[in-house]
Each structure stands twice: as structure tokens, then as C-alpha cells.
Amino acid sequence: GEASLWSHRRHGEENEALAQFLDEAGVDVEQFRSLAARAGAGSKDSYTARTAQTTDDPPSAWLPVDRLNRAGGLYVDLGWPSGESGAAAAAGKADIPVVLEANFDSADAWEIAKKATHVLVRADVAESAGGAPVIVQRLRESGVWAAVTLGHRGVYYSGGHMLPYRVAATKPEGAGDVLRGAFTLALAEGR
């Protein structure tokens, strides 16, 4: 298979290094686009669409949603509502699984969740919305498969609590991103 990153980014050495790293790893970064930063953006950096520090919500018309017909899955993460909403809607029309990393502190999250097939919620976000069972049930009632990632404690989903495979964690940063990427890949492969 192949991977492609569709995102906006700020100018900066970290972003250029990330683009080069992903390109060398075989990820299509053609749609990892630089956009001008908005005035007063205070984030040290964000190198994916995860935080919308590049602009409030940049235009998404340039996204090549026609390429989704070749995709097995789509992963979105709420940093760019118009881009994610448009891509999720196009994937839904093509019967492609859409995995959403959710932050339910916004109306955008619930709107995009309606277009997702699977939603993975961080534990802290679930707690602020009433707890893991509440958020999973609310999403199930919307017709969406949902789970809450609990870090080193595993995952909660409608089937119960799945304990993690124990490893000696040396640098846990990015573990959730790896989980969501692997989950999306498994869906794309029909597992």
C-alpha cells in the first residue's frame, strides 16, 4: 500500500525536516502544503493539521478527494475542520472507512464524527464529556464505532476494556498517533 499526507503547515525548519523524513519513508507529501501563518499564532509549531495554528480554517478546495477512490481508509484529526469535513464526506460517499481522532470540545468535532465510521477519543477528552462509557454510547447511538484510548491502561470500547500489550516504554510521545495509524491501516486492509 501507500500513504499520503494531506495537511497544511507553517513554514519552518521542523516542518521541512518532517516533510523530508516522510518523503524518504515513502509517504506522498505532495499535499502537505505550506500556508501563511495567521497574525499572532503563538504555537511553537505544529507540523500536521492537528492544530489549526496556520490559519483559522484554511480553504480545502485543493484537496484531491478524487484520489480517495484508491484509498482503503482515511484518518482525520480535527485540526482543520473544513479539510477534514470535506475529505470525510467524500470518503463516506466512496464507502471508505473514516477514522477520527476526536476532541469533543467543539461543535466541529460532532459534525465530523457524524461522517466518520470509527472514532477514537483520548481519555482526558472522554472524561470531560462524562466518561468513557458515556461517550462510547453516545457515538454508538449515532451509528459510529467508538473507543477511548487510555494510554498505558489500554482501550475502552463497547465490548469492554482491552488491556494493552506490555512493553518497556522509553519514549511514549506519538504512541497514540501510531495506534490510530495502525488502526486505520487495519481497517483499510479489511481486518
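This is a predicted model: local features need pLDDT of at least 70, side-chain atom pairs count only at pLDDT 80 or more; totals for chains, interfaces and linings use all residues.
1. Residues are numbered from 1 along each chain as its sequence is written, and side-chain values use heavy atoms, with hydrogens and water left out.

2. The protein has 6 helices and 10 strands, taken as DSSP runs numbered from the N terminus (helices: H or I, at least four residues; strands: E, at least two). Of its 191 residues, 39% are buried, that is, under 20% relative accessible area, with exposed over 50% and partly exposed in between (1.4 Å probe, protein chains only).

3. E101 belongs to strand β6, residues 98-102. Its relative accessible area is 7%, so E101 is buried. The E101 side chain has a polar contact of 2.9 Å with the side chain of Y75. A polar contact is a pair of N or O atoms within 3.5 Å; within protein, one must be able to donate a hydrogen and the other to accept it, and residues adjacent in sequence count only if both atoms are side-chain atoms.

4. H118 is in strand β7, residues 118-122, and is counted as buried because its relative accessibility is 16%. Its side chain forms a polar contact of 2.7 Å with that of T117. Leaving aside neighbours within four places in sequence, H118 contacts V98, V99, L100, V144, W145, F183 and L187.

Methods. Contact means heavy atoms within 4.5 Å.
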